[in-house]
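Open the model in your viewer and get ready to click along. This tour tells you what to select at each stop and what you will find there.

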Amino acid sequence: MGFGWLLALFMVTRAAAETDPSALEFFEAKVRPLLVEHCYQCHSEAAARAGKLKGGLLLDTREGVQKGGDSGLVVVSGKPEESLLVRSVRHTDAQLQMPPKKRLSAAEIATLGQWVALGTPDPREGKAAGKRVIDMESERRQWAFQPPVKHDPPAVSDPRWPRKPHDAFVLAALDRGKLHPVGPASPRDLIRRAALDLTGLPPTPAEVEAFEQDASPEAFARVVDRLLDSPHYGERWGRYWLDVARYADDQGNSFLTPSPTAFRYRDWVVKAFNDDLPYDDFIRLQIAGDLLPGPVTDYPARLAGLGFQGVGPQFRKGAAGEAKAKADELEDRVDTLSRGILGLTVSCARCHDHKFDPIPTRDYYSLAAAYHGAQWPARMLAAPAIVDAHGKWAQGLAAEKDKVKKWTQARATALGREPLQNAAAYALTATRVVVLRHHKLPLDEAALARQEGLHPYFLNRWATALEGTETPPVLVGLRAAVARAKAQGSVVPDQTLREQVESLQKLTLAALAALTTSEAAPAADGKKPAPLAAGHDQVLKALWKDPKAPFFIAETDLAGLLDASAKKELAALQAGVDALASREPPSGPLMPSVQGGGQAMRVFVRGNPENLGEPAPPGFLQALRPPGGPTAEGRPFTRLELAEALADPRNPLTARVFVNRVWHYHFGRGIVATLSNFGKLGSPPSHPELLDTLTVRFIEAGWSIKWLHREIMLSATYQLSSDPDAANLASDPGNVLLWRMSPRRLDIEAWRDSLLSIAGVLDPRVGGPSIDQTTPALKEVAGFNFFTRMNGMEADSPGGRRRTLYAIISRYAPNPTLTLFDFPEPNVTSDQRNFTTVPQQQLFVLNSPFMMEMSRAFAKRLETSATEDAERLRNAWALAYGRAPETRETAAALAFLQAPAKPEPGDRLNRWEQLAHALLSSNEAAFLP
């Protein structure tokens with residue numbers, strides 16, 4: 001790609017030939033259960049047979065949805081606002097409201113709207129199906145449920161071309177398709193590709209030059225090893241897993257709950273990749289690190305992986321919605337685990353048997369039992385003895401604090417009770433205070449209180465109560481009398497005011513007498529005195545017990561009202577708290593986690609947790625149980641058993657799914673294109689023997705992820721050029737058969753981090769709390785001000801120099817810049833990045849403060865790198881693209897720099913900065929070669 005003076009649009013390739021599998025998954029997981037629960041009773045073939053069909057509308061088949069009913073079409077695909085179905089469930093039309101008896105929830109209405117907006121994807125074919133009978137033995141014959149088998153490399157047209165065993169499978173497929181691989185990539189393209197692939201950062205000019213001059217056959221292998229040893233490797237590849245784990249720094253949904261310690265899971269993932277933790281152990285630790293047997297010396301390493309489930313969304317639980325909230329949390333954990341690790345959409349079976357894959361509804365609840373009854377606490381990453389000791393200390397400290405609280409509450413109650421008998425005097429004197437305050441007349445409240453023998457604290461509270469807007473029934477008449485006195489400006493009580501005060505005094509004394517009687521010791525016959533009558537209780541609450549009552553003493557005010565003896569007693573109690581607080585035992589860091597689980601479940605009929613059906617024996621998915629393997633039926637199914645089932649080498653999916661993920665991120669397309677769906681709705685593998693063979697070899701290599709990288713990257717397939725070939729393009733425009741390396745746009749993290757690196761301002765520190773990118777000092781997240789700082793967070797802040805990985809990821813308030821560049825939705829597991837091209841992206845590149853700041857920093861770096869413009873230009877191209885500028889590029893750049901300076905109105909950059917801006921904004925800086 002040549003140098004471009006104007007910004008080039010980012011390119012995107014879309015395959016529009018078939019419905020997006022994720023859209024079909026959305027229908028199965030969200031839409032079909034909704035239709036079954038709320039619509040089929042009146043709009044299905046079963047309803048028609050029973051004579052209950054309404055409006056001639058069938059919603060249990062795709063044909064019925066498309067045909068509509070007596071009122072005409074009910075959906076206009078892609079246009080929710082024009083769709084009768086969406087309008088009817090919104091209840092905005094008085095003549096058309098469905099369901100008629102109970103409105104759908106806001107989330108359910110949004111689901112139907114999204115379904116129509118997606119184009120109404122619907123995999124249902126033919127007539128409405130009855131209950132599906134799953135033939136498990138037959139279903140296990142599908143390729144994804146068969147154990148992977150190592151295949152011998154096939155014969156190929158050019159035996160010298162393959163460098164790794166899987167190259168032979170690629171070339172054999174090309175031979176069958178009458179295609180040929182293009183030539184190898186240039187050294188410059190290869191090292192740039194490898195560096196951005198493995199670290200998300202471009203190579204330095206020195207690294208490019210050294211590789212170009214190294215003629216050794218092992219030169220590229222040494223580059224790969226060096227990059228795999230870089231701490232930035234874990235940052236790059238850990239981010240991919242965090243997409244799968246739907247990582248976020250808050251709980252999100254419709255309310256804000258910060259998780260300021262969630263970063264410890266993120267850092268654990270980064271370290272796991274850097275340490276080449278075997279993938280099977282990587283899985284075990286995330287599912288059941290707290291349950292694994294064996295000695296432990298590093299508890300953060302053992303326990304921090306539990307954040308895989310702990311950082312998942314949690315839902316607000318109230319008396320009415322607790323069961324649903326827990327069921328939704330359970331579905332999130334099952335969905336994340338099953339799609340992320342197994343490549344199966346198990347959560348589709350929450351409401352009904354899976355319509356395509358061998359996953360009956362019972363299996364969903366059998367698997368979910370591993371998390372049923374689990375809690376999502378903040379766990380201390382420390383030895384059990386330390387956790388226990390710290391827990392006992394915390395309990396003791398809480399008990400001591402409770403003693404202080406009870407003492408202060410009792411003393412405040414007693415002190416407030418004493419002046420109750422003098423309520424009339426306080427009411428009359430407070431009336432004078434109110435009048436004098438209102439008319440801004442001279443007033444010494446303390447002196448007035450002493451003159452009347454009253455306490456200034458209670459007198460002030462009485463005046464506040466009489467001036468307030470909230471009036472308890474007991475004080476309504478008195479408040480009205482005080483209002484008249486204030487209006488008249490009279491401090492002399494009139495007859496009405498005196499009557500109100502006398503009445504209040506009688507009520508107060510009667511209530512006090514009743515209270516004294518109710519507190520008396522039981523009579524000889526053992527009977528307790530009758531409780532306070534409602535009227536007496538109302539009087540005492542209004543004057544004494546409620547926080548706004550005039551004789552109530554706030555906890556923060558109590559110390560000033562105590563006598564010397566009481567102050568000494570309180571100080572002694574507080575000293576006990578302080579002494580215990582100062583003796584805090586050793587502890588460990590905290591982070592979101594999971595604890596417990598393993599309780600058997602009953603099937604939720606149609607997914608409704610309040611409608612329980614048959615028991616679901618706990619255990620792993622039937623389709624994936626190894627022949628003769630143990631089951632958990634009849635006993636609890638723990639997270640440890642789940643972890644072992646997932647990491648079992650006989651499990652046909654776990655290793656296969658992960659190998660396919662790694663392949664996808666190296667080539668831009670998985671051997672199975674649907675990374676999280678290996679079921680029937682997913683794509684078939686383009687190179688099945690290659691995937692199986694590489695999977696078996698991955699397991700044989702000890703599940704080493706770095707081995708997998710080396711095996712892929714040292715192959716002839718990976719080292720192909722990205723140059724097009726007309727004949728190949730005509731036969732295989734999508735490069736499914738891998739005849740070249742497909743050029744790929746960098747995701748937002750790699751693109752932004754690369755610009756920071758090129759500009760010379762990247763902060764390379766690894767790990768630590770999530771960073772608010774708008775804070776120039778890069779302050780760490782603090783839970784108490786998380787919301788205010790997150791609200792203004794933007795990744796384009798000039799203050800942010802850390803890698804994008806360390807920015808706050810919020811479910812509640814998504815980062816607008818990350819969202820603009822297709823950052824995945826953190827509420828659900830995401831398997832790959834989508835790339836869109838919208839005008840706002842181009843405007844960001846043209847005008848954002850981030851791009852302006854990077855351009856200035858890059859220009860400054862270039863200006864100080866050499867004294868001659870020609871040398872500076874060579875440095876510019878070397879830093880930005882890893883190559884020397886072409887002759888025409890140098891000539892054009894020099895002509896631009898040497899032209900008479902005529903600043904245009906609104907220019908924010910000088911000539912060198914404009915040149916730097918153009919370099920950073922080009923496609924060459926945004927694409928993998």
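**Stop 1: the whole chain**

Show everything as a cartoon first. Keep in mind that this is a predicted model. The chain has 39 helices and six strands. Turn the model around: its C-alpha atoms fill a box of roughly 110 × 85 × 65 Å along the principal axes. Of the 929 residues in the chain, 52% are buried. Now think about how the chain meets itself. Taking contacts between residues at least 6 apart in sequence, 69% join residues at least 24 apart.

**Stop 2: helix 7 and helix 28**

Select residues 165-176, which form helix 7, and residues 688-700, which form helix 28. Their axes lie 9 Å apart, and the helices pack at an angle of about 175°. An angle over 145 degrees counts as roughly antiparallel, so helix 7 and helix 28 are roughly antiparallel to each other. Next, show side chains. On the helix 7 side, pick Pro165, His166, Phe169 and Val170; they meet Glu689, Leu690, Thr693, Leu694 and Arg697 of helix 28. Sorted by class, this contact between helix 7 and helix 28 holds five nonpolar, two polar and two charged residues.

**Stop 3: helix 10 and helix 29**

Move on to helix 10 (residues 219-228) and helix 29 (residues 705-713). How are helix 10 and helix 29 oriented to each other? The packing angle is about 150°, with the axes 11 Å apart, and helix 10 and helix 29 are therefore roughly antiparallel. The crossing of helix 10 past helix 29 is right-handed. To see where they touch, select Phe220, Val224, Asp225 and Leu228 in helix 10, together with Lys706, His709, Arg710 and Met713 in helix 29. The contact of helix 10 with helix 29 has four nonpolar residues, one polar residue and three charged ones.

While you are here, click on Ser230, in the loop between helix 10 and helix 11 (231-244). Is Ser230 buried or exposed? Its relative accessible area is 15%, and under 20% counts as buried, so Ser230 is buried. Leaving out neighbours within four places in sequence, Ser230 is in contact with Thr199 and Asn274.

**Stop 4: helix 8 and helix 9**

Select residues 187-199 for helix 8 and residues 205-213 for helix 9. These two pack at an angle of about 130°, with axes 9 Å apart. Helix 8 and helix 9 are therefore oblique to each other. Helix 8 passes helix 9 in a right-handed crossing. The contact involves Pro187, Arg188, Leu190 and Ile191 from helix 8, and Glu207, Val208, Phe211 and Glu212 from helix 9. In the contact of helix 8 with helix 9 you will find five nonpolar and three charged residues, but no polar ones.

**Stop 5: the cores**

Now look inside. The largest nonpolar core has 166 residues, and the members that touch the most others are Trp241, Tyr265, Phe282, Ile287, Leu642, Trp751 and Phe858. Select Tyr265 and show what surrounds it. Beyond its neighbours within four places in sequence, the contacts of Tyr265 include Trp241, Leu242, Tyr247, Phe308 and Met591. Another core, of 49 residues, lies apart from the largest one; among its members are Val434, Leu459, Leu558 and Leu580.

**Stop 6**

Start with Arg339 in helix 16 (residues 322-342). Arg339 is buried, with a relative accessible area of 16%. Not counting residues up to four places away in sequence, Arg339 touches Glu25, Leu344, Thr345, Arg661, Ser676, Val828 and Thr829.

Next comes Glu139, in helix 6 (residues 136-139). Glu139 counts as buried too, at 11% relative accessibility.

Finish at Lys406 in helix 18 (residues 384-417). Lys406 has a relative accessible area of 54%, and over 50% counts as exposed, so Lys406 is exposed.

How values were computed. Residues are numbered from 1 along each chain as its sequence is written. This is a predicted model: local features need pLDDT of at least 70, side-chain atom pairs count only at pLDDT 80 or more; totals for chains, interfaces and linings use all residues. Side-chain values use heavy atoms; hydrogens and water are left out. Axes are lines fitted to C-alpha atoms, for helices over the stretch in contact, and angles run from 0 to 180 degrees between N-to-C directions. Helices (H or I, at least four residues) and strands (E, at least two) are DSSP runs, numbered from the N terminus. Angles under 35 degrees count as roughly parallel, over 145 as roughly antiparallel, 65 to 115 as roughly perpendicular and the rest as oblique. A crossing is left-handed if the near helix is turned anticlockwise from the far one by less than a right angle, and right-handed if clockwise. Contact means heavy atoms within 4.5 Å. Ala, Val, Leu, Ile, Met, Phe, Trp, Tyr, Cys and Pro count as nonpolar, Asp, Glu, Lys and Arg as charged, and the others, Gly among them, as polar. A nonpolar core is a set of buried Ala, Val, Leu, Ile, Met, Phe, Trp, Tyr and Cys residues joined through side-chain atoms within 4.5 Å. Buried means under 20% relative accessible area, exposed over 50%, partly exposed in between (1.4 Å probe, protein chains only).
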